[in-house]
Amino acid sequence: MSTAAHPLELRLLRCTVRGCGAPLELAAHALVCARGHAFDRARAGHVNLLQPQDRRAPEPGDSSAALLARERWFERGRAAALVAALAARGAASASGAWLDLCCGTGAFTRALAPRGPAFGLDLAAFAIERAAKRDPARAWLVANADRGLPFVDGALERVLAVQARLPERELARVVAPGGRVIAVLPGARDQLELRERVLADARPLEHAERTRALFGAGWRVAHEEQLEARVACDRAALADALALAYRGQRASETARLAGVDELVVTQAWHVLELERC
Ligand SMILES: [Zn+2]
């Protein structure tokens, strides 16, 4: 596969200029559409497809602190049970194009992307640049999935979405018939002990029901699986867990963990595989 075309060469992407949507072609150091809109390819190899209206926040997407916490969490093996289950389910096998939606710094992409064309997409430019530097063989995109996925119709065979917001209408457009969205949602008991300590709230989480309802006509649930792992967390790991769970630590939450040197934390995932009919 080393001689395979880079995913950016495959004309699977489309222009994000409002009202355009023409296919993008790789030319020299940019992606260009037939109407002349161009997106520069950064030195690290990634492409920023954000439009001016997406750039209003000084740092769109998750904060770099939260993104790095997520990366450390992964690299310490906290998600190993999830990765193994996803790999066993064939999340990593696709003959067509594969996307890691809201990939952050690309930890799951690196662990699970198949050998064929694979994309990582996130709103945070910081995360995508970091991902691109580590794995130039993939196509890394900065884009706002809430505004639209920058792919042509039916471009994708598999979409991995680990605790990502799911733009159902756009997924229905870009996932080919028979293709799948593998949604990894927080399980009912996810971070139970942490929620109890910090928020005094240990109620079961319920994300699967909502997601099933979101993906109605045009989709079928092809597989469903719940996973749990209990991990001992030291202070540093707890700080990372907080940053992950609450999208950036707030001082009051951190304060409630002061004096806690170790806590066993349940991690729970609900995997929902949705097939496009
Ligand atoms: Zn265009």
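Predicted model: local features only at pLDDT ≥ 70, side-chain atom pairs only at ≥ 80, totals over all residues.
Residues are numbered from 1 along each chain as its sequence is written.

**Exercise 1. Determine whether the radius of gyration of the protein chain agrees with that of a compact globule.**

Step 1. The radius is taken over C-alpha atoms, and the globule rule is 2.2 Å times the number of residues to the power 0.38.
Step 2. For 277 residues a compact globule would have a radius near 19 Å.
Step 3. The protein chain has 19 Å, which agrees.
Step 4. The C-alpha trace spans about 60 × 40 × 35 Å along its principal axes.

**Exercise 2. Describe the order and pairing of the eight-stranded open sheet.**

Step 1. Helices (H or I, at least four residues) and strands (E, at least two) are DSSP runs, numbered from the N terminus. The protein chain has nine helices and 11 strands by this count.
Step 2. Two strands pair if DSSP finds at least two bridges between them.
Step 3. The order is β4-β7-β6-β5-β8-β9-β11-β10, with mixed pairing. Strands β4 (47–48) and β10 (219–234) are the edges, each pairing on one side only.
Step 4. Within the sheet, β9 (residues 175–186) and β11 (residues 262–276) pair in the antiparallel sense over seven bridges. Val181 has Leu274 in β11 as its bridge partner.

**Exercise 3. Find which face of helix α1 its buried residues line.**

Step 1. Helix α1 (residues 64–75) has 12 residues and reaches 16 Å from its first C-alpha to its last. The expected span is 1.5 Å times one less than the number of residues, and the helix is close to the 16 Å expected.
Step 2. A residue is buried if 20 or more other C-beta atoms, placed from the backbone, lie within 10 Å of its own, exposed if 12 or fewer, and partly exposed in between. In α1 the buried residues are Ala66, Leu67, Ala69, Arg70, Trp73 and Phe74.
Step 3. Using directions from the helix axis to the C-beta atoms, these residues fall within an arc of 160 degrees, so they line one face of the helix.
Step 4. After α1 comes Gly77, with a positive phi near 80 degrees.

**Exercise 4. Decide whether Pro204 is buried or exposed, and list its contacts.**

Step 1. Pro204 sits in the loop between α6 (192–199) and α7 (208–214).
Step 2. Pro204 is exposed because 10 other C-beta atoms lie within 10 Å.
Step 3. Two residues are in contact if their C-beta atoms, placed from the backbone, lie within 7 Å. Leaving aside neighbours within four places in sequence, Pro204 contacts Ala188 and Arg189.
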